[in-house]
Each structure stands twice: as structure tokens, then as C-alpha cells.
Amino acid sequence: MSQSYNRGTVEDFGRWRDFSAGMWAWIFHKFTGWVLVGYLFTHIAVLSTAIQGKDLYNGTLGGLEALLVVRFLEVGLLAVAVFHILNGLRLLFVDLGVGLEAQDKSFYASMVLTGAIVVASIPTFLGGKLV
Amino acid sequence: MAEHYSSFERKGSRWLLQRVTAVFLVGVLAFHFLLLHFVNHAAEITLAGTTARMSSIGYFVTMVLFLVTATFHGVNGVYNALINQGLDGTQKQAVKWVLVVASVLLVAQGTRVALHMNGFL
């Protein structure tokens, strides 16, 4: 049966040492979710340059991609997206009652796999023409 | 045995839709990253290439569905996070309608952009 679970106050950072794996998973999922929804609005704003034609669209996207800081931000976005996907799959299984007894291990697996995918992707993300 | 817990009340359409959209988004978000960072490098994207991709009806429909489901999933997640933090009463109603209006505007603008990208507008 569904029942509420008292997580305490998230803002009470002083008790972070007491957090369990499931608590960290919950916090990271919230954080990555906020980042992704914020990025969604930004992404549509940038892509809206397509309405003004190819010069503005190509110039805006090319200009952003020419900045090293944007490449690093994209790596960060990848990390956020990959973790949200993998932990989201974990949550779907937990919701179905599958793997409840190993939910802490599946959180650690999500973290490790996210790290591996992000590290392996860095050459591709940082490659190509820069200013 | 671990007890079930979730940020959502485990009932109702918002709980179910959050999970249904999650299943769709897992695949499409991964596809989006692979296509626009690995198959086509982000630094080499031009409007001509974007138009070529968006001219495929299957890709166009997938991207519009991506926009709609991501908007719902993201905004519904934000709404629930705020409710978890104790949002209630008039504030809850105000936030709900701000988020609804923001979602409608985002989907409308995204669809408009998509129609420009595929040359329809």
C-alpha cells in the first residue's frame, strides 16, 4: 500500500551525513529534474532563432558551440540527463515493485554508469571547431 | 521489506501520466542526444540539416511529441516538488495556473519553431 514517508527537511543540510542511498537518489533526481526543465525552456528559446532564418540560427548555434564554456556546460547537461534517465528507470522498476531490496545498489549503479558514459563522451563533446 | 514511497500520491492521472511520459522520454531523450551530439556533432548543425531532418514526418511527429511529453513531465515534476515542500491553498492554485500557462506557451512556441524548421511556415 502507498504510504507517506517522512524525509525530514531537505534544506536541513546539517544532517547530510545521515542520508541513505535512497535519500541521495531522491535529491539528485529532483536536482537533475529542475536543471532539465530549466534547460528545456532555454533550448526552445535558442531554437526559436530558426524563425528568423538561417543566418541567425546558424550564427547563434555556431557561436555558442565555438565557446569552450558551452562545451563544458553540455558535458554537464549530459551528466544530468544520463543520471535522470538511469535513475528514472530505477524508479519505474521500484514503482513496479521490482528490485526493491536492491534499490540502494541500483542507485550506485546509476551513478557509476553515468560517470562512465560522461567520461567516455568528453572527447566527442569537446571535439570540433572552437574559438 | 522496503515500503513504497513516492513524491506523488499513488493515484490519479498525474501520477500515471508522469510514469507513461517517463517511459517515452527515456528512449527519445537518449535518441536526441545520440543523434545531435554523436551522429551529427552539435557544432556542425545548420538550419539546412535541421530542415532535412524535420521534413521527415516520423521525425517531426517524434520531436513534437518529445516537446509535449517533456513539458508535461518537467512541469508536473516541478509542481509536485513544490507540493512536497508544503505548497497549499491559494498559493498552490496560483502556482498551478502559472505553470499551466508557461507549459501552453512553451508547447505553442516549440510547435511554431518546428513548423518553421520543416518549412511549413
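**A tour of the predicted complex**

Begin by selecting chain B, which averages a pLDDT of 92, with 91% of the residues scoring at least 70; pLDDT is the predictor's confidence in each residue, from 0 to 100. This is a predicted model, in which local features need pLDDT of at least 70, side-chain atom pairs count only at pLDDT 80 or more, and totals for chains, interfaces and linings use all residues. Residues are numbered from 1 along each chain as its sequence is written, while chains are lettered from A and ligands numbered from 1 in the order in which they are written.

Next, show both chains together: 34 residues of chain A are in contact with 37 residues of chain B, where contact asks for C-beta atoms, placed from the backbone, within 7 Å. On chain A, helix 1 (21-47), helix 2 (54-65), helix 3 (68-95) and helix 4 (103-126) each supply at least two residues of the side that touches chain B; helices here are DSSP runs (H or I, at least four residues), numbered from the N terminus.

Now select helix 4 of chain A, whose buried residues are Ser106(A), Phe107(A), Ser110(A), Thr114(A) and Phe125(A), a buried residue being one with 20 or more other C-beta atoms within 10 Å of its own, again placed from the backbone. These buried residues pack against helix 1 and helix 3 of chain A, together with helix 1 (12-39) of chain B.

Follow helix 4 of chain A to Ala120(A), where there is a kink of about 35 degrees, shortly before the proline Pro123(A); the bend is the angle between axes fitted to the seven residues ending there and the seven starting there. Finally, select Gly128(A), which follows helix 4 of chain A and has a positive phi, near 90 degrees.

Methods:
Two residues are in contact if their C-beta atoms, placed from the backbone, lie within 7 Å. A residue is buried if 20 or more other C-beta atoms lie within 10 Å of its own, exposed if 12 or fewer, and partly exposed in between; C-beta atoms are placed from the backbone.
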